[in-house]
Amino acid sequence: MSIKKKLTDKIGVLSFDYFDRPAQTTAERRLIYWVLIKTLAGWVIDLMNGWMRLRKCTTGKMVTVKGRLKINAKGSILIGDYSRIWSHVGTTQISAGPRAVIDIGNNTFINAGAIITSRTHIRIGNNCHIANQVIMMDDDFHDVYQRGSKSGKEAIIVGDNVWIATRAMILKGVTVGDGAVVAAGAVVTKDVAPYTLVGGVPAKVIKYLDDPDELPDWNNADWTTIENFINEFNNGH
């Protein structure tokens, strides 16, 4: 997508955020352009913040961080091109233990308050949306019965174009297939098939999304599109 197209789309999103319609008057357009300028200035700040906060990680192009991110990079943390990490209204924590690998793909968004902790391997694909306060852990750290015994580590693999909603938990050994959606508050203990919506504790299949066109295009979706998808899902289930 060209820079001009991205700016045009952003102006459209801002117009609907402020007026619920495209800006019409000169005063309305001036307001939207002013907000856009401030947004772009904020993006530059977030880019510089990313360079500082992720200096112990291996990062691709144009990776941005908003807020005070906590990083523990005893292992390897790899973050792909154009990915965004927010840590402003809640602290996002990304921790890779010794010899562990956390691999985050291109154009993936991680929202504030998320916790991603690896002792072996966590892979998050391209164009994923990880919502507020999501938790991913590939190690239980101790046995259920014998608290002094370790429980073992199993990798977490999240495919491309996956959306994991607020306060969901992804536990060790889970693979989430391409295009899957994990509902808010779900605890995922077993694999999630591609293009499947799961929810509950423990998470179970709610709906099969056989047609990928049923899902928003996470690569280009704004939050209005995502919220509409959530509302349609809640109304239908």
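The model examined here is predicted.

**Exercise 1. The chain as a whole**

Determine how many helices and strands the protein chain has, and what share of its residues is buried.

Solution. The chain contains three helices and 20 strands. Of its 237 residues, 38% are buried. The chain exposes about 13000 Å², and carbon and sulfur atoms supply 53% of that area. Contacts may also be sorted by separation in sequence: among those between residues at least 6 apart, 27% join residues at least 24 apart.

**Exercise 2. The span of helix 2**

Next, consider which residues of the helix are buried. They are E28, I32, V35, L36, D46, L47, N49 and G50. V44 also belongs to helix 2, but V44 is partly exposed because its relative accessible area is 39%. V44 contributes to a nonpolar surface patch of about 650 Å², together with W43, M48, W51, M62 and Y82.

**Exercise 3. The surroundings of L47**

Classify L47 as buried or exposed, and state which residues L47 touches beyond four places in sequence.

Solution. L47 is located in helix 2. Its relative accessible area is 9%, so L47 is buried. Setting aside residues up to four places away, L47 touches M62, V63 and T64. For T64, the C-alpha atom is separated from that of L47 by 4.4 Å, although the two residues are 17 apart along the chain.

**Exercise 4. The salt bridges**

State how many salt bridges the structure holds, then describe the partners in each.

Solution. There are three salt bridges. Side chains of opposite charge can pair when their charged atoms come close.

- R21 and E28 are joined through their side chains at 2.7 Å, N to O. R21 is partly exposed, at 27% relative accessibility, whereas E28 is buried, at 13%.
- D46 and K66 are paired at 2.9 Å, N to O. D46 lies in helix 2 and K66 in strand 2 (residues 64-67), so this pair ties together parts that are 20 residues apart in sequence. D46 is buried, with a relative accessible area of 12%, while K66 is partly exposed, at 24%.
- R123 and D103 have their closest N and O atoms 3.3 Å apart. This pair links distant parts of the chain, with R123 in strand 10 and D103 in strand 7, 20 residues apart. R123 is partly exposed, at 23% relative accessibility, and D103 is partly exposed, also at 23%.

**Exercise 5. The largest nonpolar core**

Identify how many residues the largest nonpolar core has, and which of them have the most contacts inside the core.

Solution. In soluble globular proteins, nonpolar side chains tend to be buried together. The largest nonpolar core here has 42 residues, and I124, M136, V158 and I164 have the most contacts inside it. Several strands give two or more residues to this core, including strand 4 (76-79), strand 10 (121-124), strand 13 (156-158) and strand 14 (163-164).

Not counting residues up to four places away in sequence, V158 touches R123, I124, G125, C128, M136, I164 and V176. Among these residues are I124, M136 and I164, which are also listed with V158 as having the most contacts inside the core.

Technical notes: Residues are numbered from 1 along each chain as its sequence is written. This is a predicted model: local features need pLDDT of at least 70, side-chain atom pairs count only at pLDDT 80 or more; totals for chains, interfaces and linings use all residues. Side-chain values use heavy atoms; hydrogens and water are left out. A nonpolar core is a set of buried Ala, Val, Leu, Ile, Met, Phe, Trp, Tyr and Cys residues joined through side-chain atoms within 4.5 Å. Buried means under 20% relative accessible area, exposed over 50%, partly exposed in between (1.4 Å probe, protein chains only). Helices (H or I, at least four residues) and strands (E, at least two) are DSSP runs, numbered from the N terminus. Contact means heavy atoms within 4.5 Å. Patches are made of residues with over 30% relative accessible area and no salt bridge: like charges are joined within 9 Å, nonpolar side chains (Val, Leu, Ile, Met, Phe, Trp, Tyr) within 5 Å. Accessible areas come from the Shrake-Rupley method with a 1.4 Å probe; for residues, only the protein chains shown count as cover. A salt bridge is a side-chain nitrogen of Lys or Arg within 4 Å of a carboxyl oxygen of Asp or Glu.
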